[in-house]
Amino acid sequence: MSRQPPAHEHSRGHDHSVTATGANRNKLIAVLCITLSVMLIQAIGAWISGSLSLLADAGHMLTDSAGVAIALLAATLAARPATDTRTFGWQRAEILAALANATVLCAVGVLVIREAFLRWGAEPEVESGIMLGAAVLGALANLVSLAILARACGESLNMRGAYLEVFGDLVGSVAVIVAAVVIMTTGWVRADALASFAIGLLILPRAISLLKDVADVLLESTPKNVDLAQVREHIIGIPGVVEVHDLHAWTITSGVPVLSAHVVVDGDKVDYEYSCQILDALDACLDGHFDVAHCTFQIEPVGHVRHERAVHN
């Protein structure tokens, strides 16, 4: 008597124990050390010079440092093995870290803009020479950090967040440099508040964009690089497949998209050999056209849908 195997899983040889952030751990540590060092120098420079824009840039670097530290902690948690109670391990911790990072960025951006408005009507003394030196040092450090993160920024939300934060720091340092030069040459101290306002405006859009991507993962939206309509078309195009339903695709963490589907095939009965043929064809089809790390398929004979409580998609 032929038997029908239960839902079958194809992992396609991917190693889920190492996330994208974990694979770039040493790069994050290097960037963290650079950012913390420059942040301390800029904070001291802001205190001595009286520059709000330099202080805003130092505050931005502090949030960057916190974000990188959170990402490193999340990468450590994500590397922990899966268990019966957490079947995907702690990989989603990276997304929660990105959420915390983006939230802090939003708060800092709002505070910087508020302080810039409050300071616009005042004309405090600003030591432009110290302000310029600290800003130039920050810009150089940010260039080094960007070079370290350049190749890894597209691998995960945390790596992307770290790269964008460092890039924002670079732009912020440039704004401080311009303000310092303006104050040195013209004496117009409001350039400091204007640069602070610009830094705040640079922070908010990046933070909101990161929040949107995090929300997509937490809401289990279809990954951007996966077109479910095309996936359905490819599956139905396999010989023997007559229908596909309960088709879902979502993301566990950055770089780990997953997919599941119920696949209806010809015949009233589905034996083991036929199921394996269909599963091999499904695996070969998706592996050749879509970058999905983890697939689970349930093979069903025609008519089985009557026994399911609900059918989606």
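User: What pattern does the chain follow, read along the sequence?
Analyst: It's a predicted model. Along the sequence, the pattern is β-α-α-α-α-α-α-α-α-β-β-α-β.

User: How many helices and strands is that?
Analyst: Nine helices and four strands.

User: And what percentage of the residues is buried?
Analyst: Buried residues are 47% of the 313 in the chain.

User: Let's go to S2. Which strand does S2 pair with, and in what sense?
Analyst: S2 pairs with strand S3, residues 257-265. The sense is antiparallel, over eight bridges.

User: Which residue is the bridge partner of Val244?
Analyst: Val263, in S3.

User: What about the hairpin: how many residues sit between the strands?
Analyst: Five residues lie between S2 and S3. Gly255 in that hairpin has a positive phi, near 85°.

User: Is S2 largely enclosed or open?
Analyst: Largely enclosed by the rest of the structure, because eight of its eleven residues are buried.

User: Where is Asp246 found?
Analyst: In S2, which spans residues 241-251.

User: Buried or exposed, that Asp246?
Analyst: Asp246 is buried, and has no salt bridge.

User: Why no salt bridge?
Analyst: The nearest side chain of opposite charge is Arg232, 9.3 Å away.

User: Then what does the Asp246 side chain make a polar contact with?
Analyst: The side chain of His245, at 2.9 Å.

User: Switching to the surface. Which residues form the nonpolar patch?
Analyst: Ile44, Trp47, Ile48 and Ile130. Together they have about 470 Å² of accessible area.

User: Which helix gives the largest share of the patch?
Analyst: H2, residues 25-49, with three residues.

User: And where is Ile130 found?
Analyst: In helix H5, residues 128-149.

User: What is the relative accessible area of Ile130?
Analyst: 37%, so Ile130 is partly exposed.

User: One more, Gly50. Where is that?
Analyst: Gly50 is in the loop between H2 and helix H3, which covers 52-78. Gly50 counts as partly exposed, because its relative accessibility is 23%.

User: How many Å separate the C-alpha atoms of Gly50 and Ile130?
Analyst: 9.5 Å. Along the chain, Gly50 and Ile130 are 80 residues apart.

Conventions. Residues are numbered from 1 along each chain as its sequence is written. This is a predicted model: local features need pLDDT of at least 70, side-chain atom pairs count only at pLDDT 80 or more; totals for chains, interfaces and linings use all residues. Side-chain values use heavy atoms; hydrogens and water are left out. Helices (H or I, at least four residues) and strands (E, at least two) are DSSP runs, numbered from the N terminus. Buried means under 20% relative accessible area, exposed over 50%, partly exposed in between (1.4 Å probe, protein chains only). Lys and Arg count as positive and Asp and Glu as negative; His and the chain ends are not counted. A salt bridge is a side-chain nitrogen of Lys or Arg within 4 Å of a carboxyl oxygen of Asp or Glu. A polar contact is a pair of N or O atoms within 3.5 Å; within protein, one must be able to donate a hydrogen and the other to accept it, and residues adjacent in sequence count only if both atoms are side-chain atoms. Patches are made of residues with over 30% relative accessible area and no salt bridge: like charges are joined within 9 Å, nonpolar side chains (Val, Leu, Ile, Met, Phe, Trp, Tyr) within 5 Å. Accessible areas come from the Shrake-Rupley method with a 1.4 Å probe; for residues, only the protein chains shown count as cover. Two strands pair if DSSP finds at least two bridges between them.
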